[in-house]
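You asked for a careful reading of this model before it goes any further. The notes below are arranged as numbered points, each meant to be read with the coordinates open.

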Amino acid sequence: ALPIYGRSTESPIDFVVTDTVSGSQSNDETQITQSTISRFACRIVCDRSPPYTARIYAAGFDSSKNIFLGEKAAKWKNPDGHMDGLTTNGVLVMHPRGGFTEESKPGVWREISVCGDVYTLRETRSAQQRGKLVENETNVLQDGSLVDLCGATLLWRTADGLFHTPTQKHIEALRQEINAARPQCPVGLNTLAFPSINRKDVVEE
């Protein structure tokens, strides 16, 4: 499987990613005049057999089946002769330390190249000079990995990770527990009541 993520609406893009203005309410307010997300931002390659390892690569294939990089994107030739590069504003990845749990600690942000190599961050987001190669790290995504596309951040979840997420029953039990404690608004001093999914119109007593 090779899904491609990006701002472009061309046919090779499997998931169109757009940025929105924080706090906007209508479609008119969400129009972005100049997006920082690359048209062909990244691609994720998933193995078809267990353990279904997923690897992320910067940039994506356009309609001509060529890797698409902007004019200002950093490009170079590696010692072994193959070309590599970075998207204009970069594809950054951060893996949680200690697994994806409530005790997880944030990892270190890294940048992923077109060929899937891992680099330290550039001095600025769109600098021409790439960071240093991190040879002991890979582009394999983990449960809870964050992917920063410079305008949108994706959360990667594995099938096993989703299997252990809270169910609707767990969430409902927590809602009832909170309501039983009768929390109060610190401003109006009125008792708050968090509604169930079936009674979204009830917000407070």
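1. Basis of the model. This is a predicted model, in which local features need pLDDT of at least 70 and side-chain atom pairs count only at pLDDT 80 or more, whereas totals for chains, interfaces and linings use all residues. Residues are numbered from 1 along each chain as its sequence is written, and side-chain values use heavy atoms, with hydrogens and water left out.

2. Helices (H or I, at least four residues) and strands (E, at least two) are taken as DSSP runs and numbered from the N terminus, and two strands are said to pair if DSSP finds at least two bridges between them. On these terms four strands form an open sheet in the order 2-1-3-4, and the pairing within the sheet is mixed. Strand 2 (15-16) and strand 4 (54-58) are the edge strands, each with a single partner strand, so one side of each has no neighbour in the sheet.

3. The largest nonpolar core. A nonpolar core is here a set of buried Ala, Val, Leu, Ile, Met, Phe, Trp, Tyr and Cys residues joined through side-chain atoms within 4.5 Å. The largest one has 20 residues, of which Ile44, Ile56, Val91, Leu141, Val147, Leu149 and Trp156 touch the most other members; the elements giving two or more residues to this core are strand 3 and strand 4. With contact meaning heavy atoms within 4.5 Å, and leaving aside neighbours within four places in sequence, Val91 is in contact with residues including Ala41, Cys42, Ile56, Ala58, Val147 and Leu149.

4. Cysteines. If a disulfide is a pair of cysteine sulfur atoms within 2.5 Å, the count is zero disulfides. Cys150 is buried, with a relative accessible area of 14%, whereas Cys115 counts as partly exposed at 31% relative accessibility.

5. Salt bridges. Taking a salt bridge as a side-chain nitrogen of Lys or Arg within 4 Å of a carboxyl oxygen of Asp or Glu, the count is six salt bridges. One of them joins Arg122 to Glu111, with the closest N and O atoms 2.7 Å apart; this pair links distant parts of the chain, eleven residues apart, with Arg122 in the loop between strand 11 (118-119) and strand 12 (146-148) and Glu111 in strand 10 (residues 110-112). Both Arg122 and Glu111 are buried.

6. Two further charged pairs. The side chains of Arg125 and Asp148 meet in a salt bridge at 3.2 Å, N to O, and the two residues are 23 residues apart, with Arg125 in the loop between strand 11 and strand 12 and Asp148 in strand 12. Arg125 is partly exposed at 27% relative accessibility, while Asp148 is buried at 16%. Arg157 forms a salt bridge with Asp143, the closest N and O atoms being 2.7 Å apart; Arg157 counts as partly exposed at 24% relative accessibility, and Asp143 is buried at 18%.

7. Ala152 sits in the loop between strand 12 and strand 13 and is buried, with a relative accessible area of 14%. Its C-alpha atom is separated by 7.0 Å from that of Thr18, although Ala152 and Thr18 are 134 residues apart along the chain. Not counting residues up to four places away in sequence, Ala152 touches Val17, Thr18, Ile37 and Val147, and Val147 is also among the core residues that touch the most other members.

Methods
Buried < 20%, exposed > 50% of the residue type's maximum accessible area, 1.4 Å probe, protein only.
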